[in-house]
Amino acid sequence: MDPVFSPPLHRQRHQFVIDFVKRNKPKKVVDLGCSECNLLQKLKFHREIELLVGVDINGANIKKKMHGLAPMSTDYLQPSFDQLRIELYQGSVTQEDARLRGFDLVTSIELIEHLPLADVERFSKVVFGYMTPVAVIVSTPNFEFNHLFHQPAGFRHSDHKFEWTRAEFKSWALKVCLEYGYAVEFTGVGQAPPGQQERVGFCSQIGVFRRLEGRQNGNMSFGDDAEDVFQYTLLYSINYPSLHNNNILQRVLVSEVLYWAEKMKRNWIEEKTGERDDTYALCRAEWEGEECLGASEQHMEMEDKQTAACGAEMKNPGEHQESELFWTNGERQQESLRLHRCVSVPLAVLWSCCPKLSALSGSLSNLRHILMNDPEVKLSHDGSAVLLNDQEQDLEEEEEDHDDLEDSGYPICSHSVETEEDWEKNV
């Protein structure tokens, strides 16, 4: 019977790369021969990677699945500080392109056997001599394993130009290391049946190459003008949302501030419901006898008390009032005085009680500066508190406006309108 691998062999190869990424945390990774981007689909979730690139000579294969690399809705709803850019190119691994130089990791999974032997040396030159990555993972079929598939003389795939034995793969790898300044470790995936592992080795043999210390991240085999070469065609690119983007950071901060401020307001109102009417009546009586200047002074004193309370780790938001004064003919005669009740939630309370806000903003002053420039947030005069409308007052005012309109004698339009007759029929 043919060997059966669990998990399937292609998943084992991909998992080998993923495990390497977890251990070594490369920031820039390129997958050569990415085909339909299956490996890239898995690597995009490892957010230690900041630049993820795929290259394949067959552009149609890339286009089949490339949009599956786009950010998901959760990436927009809950952006993180991690940065990720994905780029997909159509091009040959035997051609150099300056955009692929200086990567931390290059993967070549079951690719090299699809190249004519004459192009293998060119592949080595481009990858190890021109791209000069920190690490390279190369996997290729192990020809010695084939007799277990009942293919003692044939290749595993019709497009394979060759399949190396373990000795042939080792010979090529050591030559690359000697010429370009790398060290290599040999391993593989897909174990042989019990008792045959030592004789036939792994089904897929893998070489992990690491650039030697002191090896310059430069060009050994190409001229100085090679860095200006751009031979690949960019098919797709996308930047994932990140909190390093100031616009995204501001949007998230504003959303968090409004959510937690509203939650604190509701909690406070529920606790104070029994004494709200008396408080509002007292405040209204005090305000009705005050001039505009006095109202402003009282307002500032209230905010000073709130700021002091914030420093003492105040646990609840407070009540805040604003007045709107209307004057006639420039005289200091008050025509109408309208009180607008709102709840004042100190920023210091929000910042100290919400770890996400403190982590995102860094400091209370940064948070205040960001909110001052946002039209969705209303701050107190000194920027120490978020002001939220009292919903009960808004309902009361709507009811008063409705009653006034009824008393005026004007008809009130209903939201439900009866169907009118078609007047054209009566003409």
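In this predicted model, helix α5 meets helix α6 through Val120, Phe123, Ser124, Lys125, Phe128 and Gly129 on the α5 side and through Trp172, Val176 and Tyr180 on the α6 side. Sorted by class, the residues of this contact comprise six nonpolar, two polar and one charged.

**Packing of α5 and α6**

- Helix α5 spans residues 117–131 and helix α6 spans residues 166–180, and the two pack at an angle of about 45° with their axes 11 Å apart.
- The two helices, α5 and α6, are therefore oblique to each other, and their crossing is right-handed.

**The sheet and the helix packed on it**

**Aromatic pairs**

- The count of aromatic pairs in the model comes to 13, with ring centres within 6.5 Å taken as the criterion.
- One of the pairs is formed by tyrosine 89 and tyrosine 232, which lie 6.4 Å apart centre to centre with 50° between the planes, and this pair is classed as tilted.
- This pair links distant parts of the chain, since tyrosine 89 sits in strand β3 and tyrosine 232 in the loop between β7 and β8, and the two residues are 143 residues apart.

**Packing of α8 and α13**

- Helix α8 (residues 246–272) packs with helix α13 (residues 364–372) at an angle of about 100°, and their axes are 10 Å apart.
- Helices α8 and α13 are therefore roughly perpendicular to each other.
- On the α8 side the contact is made by Gln250, Leu253, Val254 and Val257, and on the α13 side by Leu367, Ile370 and Leu371.
- The contact of α8 with α13 contains six nonpolar residues, one polar residue and no charged residues.

**Backbone features**

- Serine 6 and proline 7 are joined by a cis peptide bond, for which omega is about 0°; proline 7 is found in the segment before α1 (9–24).
- Glutamate 110 has a positive phi of about 50° although this residue is not a glycine, and glutamate 110 is found in the loop between β4 (105–109) and α5.

Notes: Residues are numbered from 1 along each chain as its sequence is written. This is a predicted model: local features need pLDDT of at least 70, side-chain atom pairs count only at pLDDT 80 or more; totals for chains, interfaces and linings use all residues. Side-chain values use heavy atoms; hydrogens and water are left out. Axes are lines fitted to C-alpha atoms, for helices over the stretch in contact, and angles run from 0 to 180 degrees between N-to-C directions. Helices (H or I, at least four residues) and strands (E, at least two) are DSSP runs, numbered from the N terminus. Angles under 35 degrees count as roughly parallel, over 145 as roughly antiparallel, 65 to 115 as roughly perpendicular and the rest as oblique. A crossing is left-handed if the near helix is turned anticlockwise from the far one by less than a right angle, and right-handed if clockwise. Contact means heavy atoms within 4.5 Å. Ala, Val, Leu, Ile, Met, Phe, Trp, Tyr, Cys and Pro count as nonpolar, Asp, Glu, Lys and Arg as charged, and the others, Gly among them, as polar. Rings of Phe, Tyr and Trp (its six-membered ring) pair if their centres lie within 6.5 Å; planes under 30 degrees apart count as stacked, over 60 as edge-to-face and the rest as tilted.
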